[in-house]
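Today's notebook page is open, and I have a few things to look up. Here is the structure I am working from.

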2 protein chains.
Amino acid sequence: MSILIKNCLVVTQDKQRRILKNHDILIEKGKIVKVARNIQDYADKIIDGENKVAIPGLINTHTHVSMTLFRGYADDMELHRWLTEKIWPLEAKLEAEDCYLGALIGCIEMVKSGITSFVDMYFFMNDVARAVKETGIRGFLSYAVLDFPTPCFSSPSEGIRKAEEFYLKWSGDPLVEPLFSAHAIYTCSEETLLGIKEKADKFKALIHIHLSETEKEVRESIEKTGLPPALYLEKIGFLSENVLAAHCTWLNKEEIGVFSEKKVKVSHNPVSNMKLAVGGRFPLKALMEKKVTLSLGTDGPASNNSLDLFETMKATSLLHKYLNRDPTFPSAQQVLDMATIGGATALRKERELGSIEPGKKADIVILNFRKPHLTPLHKVVSHLVYSAKASDVETVIINGEILLEEGKLLRLNERKVIERVNERVANLIKR
Amino acid sequence: MSILIKNCLVVTQDKQRRILKNHDILIEKGKIVKVARNIQDYADKIIDGENKVAIPGLINTHTHVSMTLFRGYADDMELHRWLTEKIWPLEAKLEAEDCYLGALIGCIEMVKSGITSFVDMYFFMNDVARAVKETGIRGFLSYAVLDFPTPCFSSPSEGIRKAEEFYLKWSGDPLVEPLFSAHAIYTCSEETLLGIKEKADKFKALIHIHLSETEKEVRESIEKTGLPPALYLEKIGFLSENVLAAHCTWLNKEEIGVFSEKKVKVSHNPVSNMKLAVGGRFPLKALMEKKVTLSLGTDGPASNNSLDLFETMKATSLLHKYLNRDPTFPSAQQVLDMATIGGATALRKERELGSIEPGKKADIVILNFRKPHLTPLHKVVSHLVYSAKASDVETVIINGEILLEEGKLLRLNERKVIERVNERVANLIKR
């Protein structure tokens, strides 16, 4: 199907960060083929872009989408108690259908809020993949591998085997992109970490990992290995340009240098970090100065409690302006970059995703800007970061398919999914 | 007109913080008359509350609503340059019609996002009052009085005279509640401050003031008076239970003690404080321990850039959990209190506003909770603070009148107001 978006304000996020007024976007066979004024080509579907803003789909580089099930289940608790008394006991009871439904409602939430790609690390990933396919979103999915028994495997070697099977099963899929994950250095032995790396290297796949999230993790790493988390990973040969590290709240200067040198990718998750009170200080400025690829994640809905990158963009800006005591840093443009082209680069997909340019995959979000809270419009990038809301997302195109049109999901019955999730959660709590 | 809301989940915010399932709310002559199950009384209008949550209208205790005109006009700038190069030159050109239209679009934004009362300090306040009356929101309005010439008066004595005229004109109005404002200690001489206080005392009115917002303000206060801002105000006899102080980012322990003793009310504005990078650290915990009345403000849309207390509630929680390195503080309930009953108490209206209880004014917000991002529902107060969005607000009742019904404004044509604001802003920039 071909789609022509007419007369839109296009925030391209191309190299020049061009903002194009009254431009049209032509989409054919899942790709953007033309961005220009007054395109006269035939299209199966025309979208009126008057008073609308088109942006590249937002890229959420760290979440555990099935954890929507636990959203708001236990807030305002101390982290260790939260995990041991609330989250882990429920996770131990998880079944495939739980993860499928949790992922399904989370994918719907993401599509409706303008997220077109997300990175996930959890359990029952074939069921998460099923939710991704049904929704039509782009999922970069991986089994969380760790040394403890999980609902899906009882040993890390079994986990690695499952992860490889998962990789082989989904490799080449147009929407599900498999990758590998090591949960964290405090849950994976050196053997596990290197076992995962070996598999990822074999397929030239990305490895996702939680890194340097809490002071406890750093302290224990130093006690055990003599090194802070990133330097330990560097020492064992784990780090490379194929590693996407989430959180990095406690990175020190030397670790930032290693990240820069090894081209490690970073996912910043400010809402979760603040809500869980992990302390530390994500070194945004130092990482930018060292040209480390930066992206944004929501983290799981149990610790956020939203899958909303508009909120995360604003939180990123607010937090770092405040911490740096500098209202000029980061700029709205820098933050928007993290949520779009930065995310694509973090996934090594900067040639395919992250901007509105001919040749790229058609993952496009159209926002309605004729809203009181977006009036007047002085600067569109400022509005995207500081004033726009997930609810301004009106139309979402992923891989050239319209999934959301004027706020309505085209593929799924949202109300029915909500009912199924509610029933399933009641069942899970009882179990 | 009488209104009956049926079968709703009611977050009362009463003394016991009761949450009532499947309850009905009966509204007559602008007041809540009954909250119970299965109310059988006659009502002119029935609202189906199935899958809906009713909360007391949110109270925004600090803004400059007409500054919607400058929303996104100059972000990411150093504070002094922002004011002197961008904001003040435009403010100098402001006319009454600008402030009216800026206020009108801002009031619409607030109603749509569940704010039913707001405190404003700016210029051309009769025109802001006109916007309040047209929208139907509750406005606690005051002229900003300061020693420098403004678009409305050229001397502070003229300002105080205008403020008194404004007070007399609007006193007794059902929606516009006039109060007095001193802009700040760095813009008002002692004579001006005491002149305003004298008028406020005469009418037993509230005085609103910006206080201890930046380090510069504190430093200059100490240089000039030997005292930090709040102690200086205490020394000159300005502080009382009728003072509502906005920001208070830099309060020290002694000042917190004085606030507690004098029962000064506080408006916390975390989004603006972070965005403008004012530094300091709003002493939330210490103020709570000293039982100081705490409320939430958005500040003006030029420094936020939204009029959205759902966003502000989440930002309050995130910021203080992070700063305190304690995920348990503040709790969702404590934050919701600040946005509702805390706001009412800050305005000395705790007997009339801020909770859903018989006898109170009918300022009620109904949210649609059948949304993917609010699924599942474990705890309603957690969802209100961490997951709900302004866009979940579906119906808004102020003073017993339905202003917003299923997301549609009943009194005003939103699209026409947007067009008028856009034209006016183009004209202002040219002027």
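I began with how the copies meet. I found that 98% of the interface residues of chain B are also interface residues in chain A, so the copies meet through the same surface. I keep in mind that this is a predicted model.

**Entry: the contact**
I looked up how many residues each chain gives: 54 come from chain B and 53 from chain A.

**Entry: the symmetry**
I laid chain B on chain A with a turn of 180° and a shift of 0.0 Å along the axis, and the RMSD came to 0.0 Å. The two copies are therefore related as by a two-fold rotation axis. Which C-alpha of chain B is nearest the axis? I found that of B:Ser391, 3.2 Å from it.

**Entry: helix H5 of chain A**
I checked the span of H5 (residues 190-203) of chain A: at 1.5 Å a residue, its 14 residues should span 20 Å, and this agrees because the end C-alpha atoms are 20 Å apart. In H5(A), I listed A:Thr192, A:Leu193, A:Gly195, A:Ile196, A:Lys197 and A:Ala200 as buried. Their cover includes, from chain A, strand S8 (138-145), helix H4 (156-170), strand S10 (180-182) and strand S11 (207-211). Just after H5(A), I spotted A:Lys204 with a positive phi of about 50°.

Methods:
Residues numbered from 1 in each chain as written. Chains lettered and ligands numbered in written order. Predicted model: local features only at pLDDT ≥ 70, side-chain atom pairs only at ≥ 80, totals over all residues. Helix = DSSP H or I, 4+ residues; strand = E, 2+ residues; numbered from the N terminus. Expected span 1.5 Å × (residues − 1). Buried ≥ 20, exposed ≤ 12 C-beta atoms within 10 Å, placed from the backbone. Contact = placed C-beta atoms within 7 Å. Least-squares fit on C-alpha atoms with pLDDT ≥ 70 in both.
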